[in-house]
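Open your viewer and get ready to select pieces one at a time. At each stop, pick the named part and look at what surrounds that part.

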Amino acid sequence: MSEIRLMKGNEAIGEAAILCGADAYYAYPITPQSEIVEYLTLQQPEKRTGMVVLQAESEVASINMVYGAAAGGKRSFTTSSSPGMSLMQEGLSYIAGAELPCVVVNVVRGGPGLGTIQPSQADYFQTVKGGGHGDYKLITLAPASVQEMADFVPLAFELAFKYRNPAMILTDGVIGQMMEKVQFPEQTPRLTDEEITEKYPWATFGRKGGRERNIITSLNLKSELQEQFNIKLQAKYREVEKNEVRYEKIQCDDAEYLFVAYGSSARTCQKTIELARAEGIKVGLLRPITLYPYPYKAIDDMTSQVKGILSVEMSAGQMVEDVRLAVNGKVKVEHYGRMGGMVSSPGEILEALKTKIIEG
Amino acid sequence: MAENIKLEDIIKEENKVFIKTPLLTDNELSYCPGCGHGVAHRITMEVIEEMGIMEDTIGIAPVGCSVLAYEFMNIDMQQAAHGRAPAVATGLKRVYPNKYVFTYQGDGDLAAIGTAETIHACNRGENITIIFINNGIYGMTGGQMAPTTLPGMKTSTSPYGRTQELAGHPLKMTEIVATLPGVRFVARHAVDTPARVRKAKKAIRKAFENQNDNKGVSFIEIVSNCNSGWKMTPRKSNEWMVENMFPYYPLGVLKDE
């Protein structure tokens, strides 16, 4: 590990990508993620590792550039924020349909429409319930610190290539913009073309040695075949759900009440737990780290212990639907959150816990 | 006597006047009989075979009639979302700068939904080959109006004929990209006669060879027919193309640097 550095979450994404041996980054500037584009153009990773950095003409183009590089077996990624992510939904559906591995980072801001440049978590539905057309899933990681921004980039690439599926890092303007200490691993070299040929026999880089041609496509005009493909995709998603659920439990051992929150809301909830416990309220936090696959069972397991659950997110209440699915009516579940770029304070969350769950 | 002649007796090396390139598969073409796509596919694959670059070439198929190009082109292929092939090609070429990358796009794909991707890939001077098949209509979806549909031309979405008042003017993408410094070779050809096929093939070969010295986009338009969409016999559609398409989309080399 390197020395401890003080960095913005957005910059940590960029540095982590260079260090984990990424091959290409294609992106378009948008607040509050522009520091990633700026950091990577400033760093000139083409001189450090040979990694390509290119500013695209739009998010539509950048996600399709990612498609082209990923179809060649290269580690490619893009980053954006909510309105840009909406433009990428077509590309993400094609990437999922063509079973291509890539990483996409969404530094979420308030919507709908042009909305605001301040932090939000209102892209949860778009990310984990579809977004683009067709039955597909994005493996979704939700960092809650600058350190996790750095750690999840190599993890996202690992999962993307393990399952040949796009992986999303769903973060927000708080984590993207705030500075914290962060440590990086040593440089992992980029794969050589020979290694790619060996590791990814499905990739399109020319019929090396006269091998049979490879085709990357998401088209199947025969519906019987397309159904078979969908069945195969769903089987892959069941594997992801079996193997890749990640979450963290904080002060849950004696908890009588539970917060469920991810990303920056989980950080605010940690402070709220301190305030609540000072008043004698035993509350814990279950923090989903993967939003897809979602930790339904871990949340369900808590229902034998807690009297009520407050789902806290910066939205009108999106993830709360998954908490309710997990809980299935066994205990009370309510949502609390600010919208449109407003960030809840620990005091507000404690008040919501009291009025919506404890007294409610 | 005729009954005694077997096929094997006829197919002998000394009798062959034409050999299909192995870079075309034996899959039955999905194009209508008489359509120019088949010839355009053949000469593109012949160029790749003759240059000996199969092991280092990747094609990008678009959305449109040629969405299934990967069924016929016996090389590594990627299928791209509608209009996005130049962006996909950019992403691929940047990580494989020594490979040959080409897109094969129709007029709806390149000149309507993919205009931004086309212009910007050209403006960046991506070191790729773009093959643009312009038949003035959306063939795949059943003959709707394209940005390249000629004035007065009847299609299923301009049933009374295209008017400038409603739909503007046919878009000359080839002339537009020729103005961009990132584009080094621009030519417009056709594949309706043997002489024109030879010229088109020569231009396609040059467009691939240009990738060797990294000087930007090579852009080849092929003005083609769509006998089904135009509701004509193949012969009539070729005559109509010569009379009506060529005056608006004149053949020749527009730029060679």
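**Stop 1: a pair of strands**

Select strand β14 (residues 308-312) of chain A and β15(A): they pair in the parallel sense over five bridges. Strands are DSSP runs of E, at least two residues, and helices are DSSP runs of H or I, at least four residues, numbered from the N terminus. Two strands pair if DSSP finds at least two bridges between them. Now click A:Gly308, which stands opposite A:Lys332 in β15(A).

A word on the model: it is predicted, so local features need pLDDT of at least 70 and side-chain atom pairs count only at pLDDT 80 or more, while totals for chains, interfaces and linings use all residues. Residues are numbered from 1 along each chain as its sequence is written, and chains are lettered from A and ligands numbered from 1 in the order in which they are written.

**Stop 2**

Axes are lines fitted to C-alpha atoms, for helices over the stretch in contact, and angles run from 0 to 180 degrees between N-to-C directions.

**Stop 2: helices on the sheet**

Contact between two residues needs C-beta atoms, placed from the backbone, within 7 Å.

**Stop 3: two crossing helices**

Which angle do α1 and α2 of chain A make? Select helix α1 (residues 9-19) and helix α2 (residues 34-43) of chain A: their axes come within 8 Å and cross at roughly 45°. That makes α1(A) oblique to α2(A). Angles under 35 degrees count as roughly parallel, over 145 as roughly antiparallel, 65 to 115 as roughly perpendicular and the rest as oblique. Residues in the contact include A:Ile13 and A:Ile18 of α1(A), and A:Tyr39 and A:Leu40 of α2(A).

**Stop 4: two domains**

Zoom out. An automatic or database assignment sets the domain bounds: domain 1 (5-193) and domain 2 (248-358) of chain A.
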